[in-house]
Amino acid sequence: MKKVLEEAKRLIKADKVLAEFTVTADGDELHLVKGDESFARLMRVDDKAQWRIEYFHNLKRWQQIDFTGSLSACLELLSESPHYLYWDR
């Protein structure tokens, strides 16, 4: 998981929208956080190279996004769809 976390950090740092976020690992999950609030998490699916995304819907519950892809594809989707990340709370 350490290599995956480092790759996620590199991808997030390079993205002007996601650069405001920090990525942390919690078991096999990656969490995008801003301050001390979690906004999105990426979870491995059966194929370890594939991930799915959940976002923290109205800061009350996790909502799965109907998308599965590589780590970079998931981060790209989050960057292009900021409403999943509640930038302006």
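These numbered points go through the predicted model, from its confidence and fold to single residues.

1. Basis of the model. This is a predicted model in which local features need pLDDT of at least 70 and side-chain atom pairs count only at pLDDT 80 or more, while totals for chains, interfaces and linings use all residues. Residues are numbered from 1 along each chain as its sequence is written, and side-chain values use heavy atoms, with hydrogens and water left out.

2. Confidence. pLDDT is the predictor's confidence in each residue, from 0 to 100. Its mean over the protein is 85. A value of 70 or more is reached by 88% of the residues. Helix 1 (residues 2–13) has the highest confidence, at a mean of 94. Strand 3 (residues 37–44) has the lowest, at 84.

3. Fold. The protein has two helices and five strands. These are DSSP runs, numbered from the N terminus: H or I of at least four residues for helices, E of at least two for strands. Read from the N terminus, the order is α-β-β-β-β-β-α. Contact here means heavy atoms within 4.5 Å. Take the contacts between residues at least 6 apart in sequence: 33% of them join residues at least 24 apart.

4. Burial and surface. Buried means under 20% relative accessible area, exposed over 50%, and partly exposed in between (1.4 Å probe, protein chains only). Of the 89 residues in the protein, 39% are buried. The protein exposes about 5,500 Å², by the Shrake-Rupley method with a 1.4 Å probe; for residues, only the protein chains shown count as cover. Carbon and sulfur atoms supply 46% of that area.

5. Core. A nonpolar core is a set of buried Ala, Val, Leu, Ile, Met, Phe, Trp, Tyr and Cys residues joined through side-chain atoms within 4.5 Å. The largest one has 20 residues. Leu30, Leu32, Leu42 and Leu78 have the most contacts inside it. Two or more residues come from each of helix 1, strand 2 (29–34), strand 3, strand 4 (51–57) and helix 2 (71–80). Helix 2 gives the most, with five residues.

6. Helix 1. This helix has twelve residues. It reaches 16 Å from its first C-alpha to its last, close to the 16 Å expected at 1.5 Å a residue; the expected span is 1.5 Å times one less than the number of residues. Leu5, Ala8 and Ile12 are buried.

7. Val23. This residue is in strand 1. Beyond its neighbours within four places in sequence, Val23 contacts Leu5, Ala8, Lys9, Ile12, Leu30, His31 and Leu32. Val23 and Leu5 are 18 residues apart along the chain, with 7.5 Å between their C-alpha atoms.

8. Val33. Strand 2 holds this residue. At 13% relative accessibility, Val33 counts as buried. Thr22 is eleven residues from Val33 in sequence and 5.3 Å away, C-alpha to C-alpha.

9. Gln50. This residue sits in the loop between strand 3 and strand 4. Its 25% relative accessibility makes Gln50 partly exposed. Outside four places in sequence, Gln50 contacts Met43, Arg44, Val45, Thr68, Gly69 and Ser70.
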